[in-house]
Amino acid sequence: MRSPKESWFAISRQLSPGRAAVLTAWSFLLPLSIWCVVSYVPFIWHPDVKLEVGSTGATVYTAGDHVGKDYFPTLLAGARDENAGIAEAAAAGEPIKGSSRDNVKLLRMVLPIAISNGVLTPADDTNDAAIYGVWRRLATGDLVMSSPALSEENLSVIRDNWAIMSAISETYDKSALEKQKLLSLIPQGKPANPVYLPAPHEVLIQGYKSWTEEPAEGRSSMGERLRSSIIVVFGGFLLAALVSLPLGIVAGSYDFFSKLTEPFLDFFRYMPAPSFATLLVAIFGAHQSPKLALVFIGTLPHLCLMITKTTRMLDPSLLEAAQTLGSKRFHLLRKVVVPGIVPAVYNDLRIALGWAWTWLVIAELIGVKSGLTEVIDTQGTRRNFDQVFPVIFLIGIIGFATDQFLAWLRPKLFRWTEPKAPGLMGRWFGGVQNWFEPVLVAYRKG
Amino acid sequence: MSTVLELPSYLKQSPEVAARLARLKARPVELEVKGLTKRFMTPDGGTVTALKEINLSVHRREFMSVLGASGCGKSTFVRIVAGLETPTEGEVLLGGKAIRGPGPDRGMVFQGYTLFPWLSVKQNVMFGLEACGSSPTGAESDALQWIDLVGLAKFADAYPHQLSGGMKQRVAIARALANQPPVMLMDEPYGALDPQTRGQMQSYLLQIWENVDVTILFITHDLDEAIYLSDRILVLSPNPGQVLEIVEVPLSHPRSPEQFLSPEFLATKQRIEELIHPNKHASDDKLPMIRLTKVGDDVN
Ligand SMILES: Nc1ncnc2c1ncn2[C@@H]1O[C@H](COP(=O)(O)OP(=O)(O)OP(=O)(O)O)[C@@H](O)[C@H]1O
Ligand SMILES: [Mg+2]
């Protein structure tokens, strides 16, 4: 342990493990807290208004829609003007005749707010009798909404409308609704960030829901999606590794194979893997196989070239020493080249696994969309970004955790490399070491 | 070095030394180098002659050193003998047969330790035995004996990164000897060691050599080391590497560190220095004395 007086900024010096852990935690906390501040401090950004009550009339918005902060006053003014016209006509004794269709639409405007207050359920969307009842209870003060609350302005609109409606019928009667045009509710809403930046809690809630709620009929659950994505990533990656390892090792060891393979691979890697998408679908069908193949061809050339380079970097004096000890050809490959490069190749494979995750997103979009990416694609198109972020984070977390796990495992597998102080994640994995200690012991013996 | 002492000629050998050298020369020639020349291509298309027309015969169980300044082609020479480099002209014969490529009949100890870092000490020593077809159990018991010989029995299961430089070099020697090669090549094996460890390692090497039937070709740029260890010393000139002289060391056996101060030792050393730096004093005067001003404080 270093003395606590050591500077935090000593050039090219390692910080103590404790300090390193603190900074590792901060590297996650900083972006997270920026996200929280932008989301929860209303005056920081919030360029939109998220509607709690929508608008009918010339431009239709439903509750939950975002409108620009600048445009919101125009929307309000439009609704107020319209109501003023209706009220004026009524005061002059010549009320404007309504259409039952428009009036029913207007009545249904309270539905979203009633749902979020727990008064009605989404299944009540055409249950106009129940909605009529809500209007009555609101007008008489029987029912007070709180989350969110209705503005005073809207409550007075409700009372005025109810005065007209109750004069005709206390209970819902569609034909009676056409007597007189009702006042429209005034749009109301809260400052909000654009839809593409949901707040942390919304992402958490949606993430939790997506895992706990039963999927719709014929759709896959998140667990099934995750499994299918993992099969594509690891399947494609393992295939690529299986081909690259022998190819890279012989190409790195023998110039003959290097000259025979490297130029083509160098060319091949400049053809973007996704450009083969349609071809792969034509060859392998539309389901998992072309996706695996895309991850495979996206990973293969780079991995191959990287392993070749790693093999070439093996200390040549080790090969010379082995030769003066009588080692030749295959023995030399198996007993010197392979063990000599294994720790470096292990790192190459870790990097390649990262690429495989990158290709996943493109792979799952080809043919029949599937896996985690399908959620990103469909929900993103519907602008439900609070459902998109949990999936993006999930991919990130799995990739990161796998990589950290492999990093932590490395010194255990290759004991002859100089040990390095474990990082925060490494120490955490140290805690879960117990349950696979037997495997490690077996490996070391074998 | 000015001759304050009255040194004998380095050519003067005591009767026992002369008899020993005569016995050595009567033994069969183990390693023979004939008209060896090596030229390298330079990047600009020219050639450098690293070695020029080297002829040498090393007899069985002789300790032969190759001495020369840095860059005079010592490594190139030993690498050609090992088969890791091909000669441009000439040939190398081992036991009368021309060598082709590296092989287990010429063990080699490199300046860098070149131990396999993923193998324990024992496995490193077993490597050559297994490569040459020994059974694992046979290789293991052989290896343990060699490890014992270099005094590392306690470290048989340690990994190279846990050993000091001197220990690593001992493992390298055990590994090279385990195949029982007729010839062991050593390229500045102690170059990276501190003087004290180096002295210990030299004594070790002599002890081992007394107990093992092996001919040693030992590369060094250290005069004392070469004289202390060798029967004969091949002195190379730089640019191109050519044989200046093959010096017979007039020291008796067994060698001991006291001999460093004996008149024979000093005479040999003086002779080799003359060979390597023929105009030493003349060139000393030409040292560029760049502008220096006396410090002029009260110390002087
Ligand atoms: N592969 C090569 N290509 C070109 N030139 C080379 C090569 N190997 C060695 N040389 C040249 O041959 C000469 C002898 O080199 P060598 O390494 O044999 O010297 P050395 O006596 O072992 O030096 P040192 O004591 O520093 O190890 C040098 O001038 C070097 O530049
Ligand atoms: Mg050298």
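Does A:His46, at 6% relative accessibility, count as buried or exposed? A:His46 counts as buried, because its relative accessibility is 6% (buried means under 20% relative accessible area, exposed over 50% and partly exposed in between, with a 1.4 Å probe and protein chains only). This is a predicted model, in which local features need pLDDT of at least 70 and side-chain atom pairs count only at pLDDT 80 or more, while totals for chains, interfaces and linings use all residues. Residues are numbered from 1 along each chain as its sequence is written, chains are lettered from A and ligands numbered from 1 in the order in which they are written, and side-chain values use heavy atoms, with hydrogens and water left out. Helices (H or I, at least four residues) and strands (E, at least two) are DSSP runs, numbered from the N terminus.

**Loops and backbone**

- A:His46 lies in the loop that runs between α1 (17-40) and β1 (48-53) of chain A.
- Although A:His46 is not a glycine, its phi is positive, at about 40°.
- B:Asn239 is likewise not a glycine and has a positive phi of about 45°.
- The loop between β9 and β10 of chain B holds B:Asn239, which counts as exposed because its relative accessibility is 68%.
- B:Asn239 is joined to B:Pro240 by a cis peptide bond with omega of about -10°, and B:Pro240 also sits in the loop between β9 and β10 of chain B.
- Another cis peptide bond runs from B:His253 to B:Pro254, with omega near -10°.
- B:Pro254 belongs to the loop between β10 and α8 of chain B.

**Helix α8 of chain B**

- Helix α8 of chain B covers residues 263-276, and its 14 residues should span 20 Å at 1.5 Å a residue (the expected span is 1.5 Å times one less than the number of residues).

**Helix α12 of chain A**

- In helix α12 of chain A (residues 316-324), the buried residues are A:Ser317, A:Leu318, A:Glu320, A:Ala321, A:Ala322 and A:Thr324.
- Both chains contribute to their cover, which includes α13 (329-363) of chain A, and α2 (74-82), β6 (106-109), α3 (121-131) and α5 (165-178) of chain B.

**Helix pairs in chain A**

- The axes of α8 (residues 222-253) and α9 (residues 255-268) of chain A come within 5 Å and cross at roughly 120° (axes are lines fitted to C-alpha atoms, for helices over the stretch in contact, and angles run from 0 to 180 degrees between N-to-C directions).
- That angle makes α8(A) oblique to α9(A) (angles under 35 degrees count as roughly parallel, over 145 as roughly antiparallel, 65 to 115 as roughly perpendicular and the rest as oblique).
- On the α8(A) side the contact is made by A:Val250, A:Ala251 and A:Ser253, and on the α9(A) side by A:Asp255, A:Phe257, A:Ser258 and A:Thr261.
- The residues of this contact divide into three nonpolar, three polar and one charged (Ala, Val, Leu, Ile, Met, Phe, Trp, Tyr, Cys and Pro count as nonpolar, Asp, Glu, Lys and Arg as charged, and the others, Gly among them, as polar).
- The axes of α1(A) and α7 (residues 200-212) of chain A come within 9 Å and cross at roughly 105°, which makes α1(A) roughly perpendicular to α7(A).
- A:Trp35, A:Cys36, A:Ser39 and A:Tyr40 of α1(A) meet A:Pro200, A:His201 and A:Val203 of α7(A).
- The contact of α1(A) with α7(A) has five nonpolar residues, two polar and no charged.

**Two single residues**

- A:Ala90 is in helix α2 (residues 72-91) of chain A and is partly exposed, with a relative accessible area of 34%.
- Leaving aside neighbours within four places in sequence, A:Ala90 is in contact with A:Pro95 and A:Gln180.
- B:Lys122, in helix α3 of chain B, is buried, with a relative accessible area of 16%.
- Not counting residues up to four places away in sequence, B:Lys122 touches B:Glu140, B:Ala143, B:Leu144, B:Ile147, B:Ala156 and B:Asp157.

Key: Contact means heavy atoms within 4.5 Å.
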